Amino acid sequence: MAATSTPSVNSLLDKLSLDYPNLIFRHGKKFLFRPPKTIFIGPPCPNHALLTLHELAHGLLQHKNYNLDIQRLKIESSTWQKTQELCKKYNIDWDEDFAQDHLDTYRDWLHKKSLCPTCQLTRYQDKTGTYHCPACQS
């Protein structure tokens with residue numbers, strides 16, 4: 001990892017506000033992108049800049065919602081890829097382990113949600129969002 005300085009919360013927000021005037025940056029209780037253009041910045045923490053860029057990435061990729069649960073994982077994956085690009089642009093340390101840990105929460109969520117409650121086989125989700133078990137036919 002390259003040695004870079006972590007910008008202060010306010011200096012990073014100042015840069016982002018200038019670079020992305022079409023987006024609204026607000027302080028909030030947690031890091032969150034609220035479509036179509038509001039990014040909430042959570043309280044200071046060790047990975048504050050990385051989480052801020054992650055929410056910016058959601059905004060730049062114009063993420064709104066998802067229909068299938070697997071789409072949520074794809075959205076998060078593409079967002080972390082965009083975050084890595086933004087880290088280079090703003091000279092912020094990229095932490096692959098941190099990103100993968102966050103992606104793991106979505107992978108774990110998807111795995112648990114897709115398990116059949118009857119037989120524990122992995123179910124599939126149809127285009128309406130309903131899960132079906134190939135073994136139980138339910």
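**Helix packing and the main pocket in a predicted model**

The axes of α3 and α4 cross at roughly 175° and come within 10 Å of each other. Axes here are lines fitted to C-alpha atoms, for helices over the stretch in contact, with angles from 0 to 180 degrees between N-to-C directions. The model is predicted, so local features need pLDDT of at least 70 and side-chain atom pairs count only at pLDDT 80 or more, whereas totals for chains, interfaces and linings use all residues. Residues are numbered from 1 along each chain as its sequence is written, and side-chain values use heavy atoms, with hydrogens and water left out.

On the α3 side, the residues that meet α4 are D69, I70, R72, L73, E76, S77 and W80. Their partners in α4 are F98, A99, H102, L103, Y106, R107, W109, L110 and K113. Contact means heavy atoms within 4.5 Å. By class, this contact has 9 nonpolar, 2 polar and 5 charged residues. Nonpolar covers Ala, Val, Leu, Ile, Met, Phe, Trp, Tyr, Cys and Pro; charged covers Asp, Glu, Lys and Arg; the others, Gly among them, are polar.

The protein chain has 4 helices and 5 strands. From the N terminus on, the order is α-β-β-β-α-α-α-β-β. These elements are DSSP runs numbered from the N terminus: helices are H or I with at least four residues, strands E with at least two. The C-alpha trace spans about 55 × 30 × 25 Å along its principal axes. Of the 138 residues of the chain, 36% count as buried. Buried means under 20% relative accessible area, exposed over 50%, and partly exposed in between (1.4 Å probe, protein chains only). Among contacts with a separation of 6 or more, 43% come from residues 24 or more positions apart.

The largest pocket has a volume of about 520 Å³. It is lined by 21 residues, and the closest to its centre are L32, F33, H58, E76 and Y106. The elements that give two or more residues to the lining are β2 (32-34), α2 (48-60), α3 (69-90) and α4 (96-114). The lining has 9 nonpolar, 6 polar and 6 charged residues. A pocket is an open set of points on a 1 Å grid over the protein atoms alone, where a 1.4 Å probe fits, with protein on both sides within 12 Å along at least five of seven lines; lining residues have an atom within 4 Å of a point. Grid points are joined across faces, edges and corners, and the volume is the space filled by probe spheres set on the points.

E76 belongs to both the pocket lining and the α3 contact with α4. E76 counts as buried, at 8% relative accessibility. Leaving aside residues up to four places away in sequence, E76 touches H54, H58, L103 and Y106. The C-alpha atoms of E76 and H102 are separated by 8.8 Å, at 26 residues apart along the chain.

D19 is found in helix α1 (residues 9-19). D19 is partly exposed, with a relative accessible area of 39%. Beyond residues up to four places away in sequence, D19 touches K89 and Y90. Between the C-alpha atoms of D19 and C133 there are 48 Å, with 114 residues along the chain.

Several loops carry local backbone features. P35 and P36 are joined by a cis peptide bond, with omega about 10°. P36 is found in the loop between β2 and β3 (38-41). Q62, not a glycine, has a positive phi of about 55°. Q62 is found in the loop between α2 and α3 and counts as exposed at 58% relative accessibility. N91 is another residue other than glycine with a positive phi, near 55°. N91 lies in the loop between α3 and α4 and is partly exposed, with a relative accessible area of 47%.

G129 is found in the loop between β4 (124-125) and β5 (131-132). G129 is partly exposed, with a relative accessible area of 23%. C-alpha to C-alpha, G129 and R72 are 12 Å apart in space and 57 residues apart in sequence.
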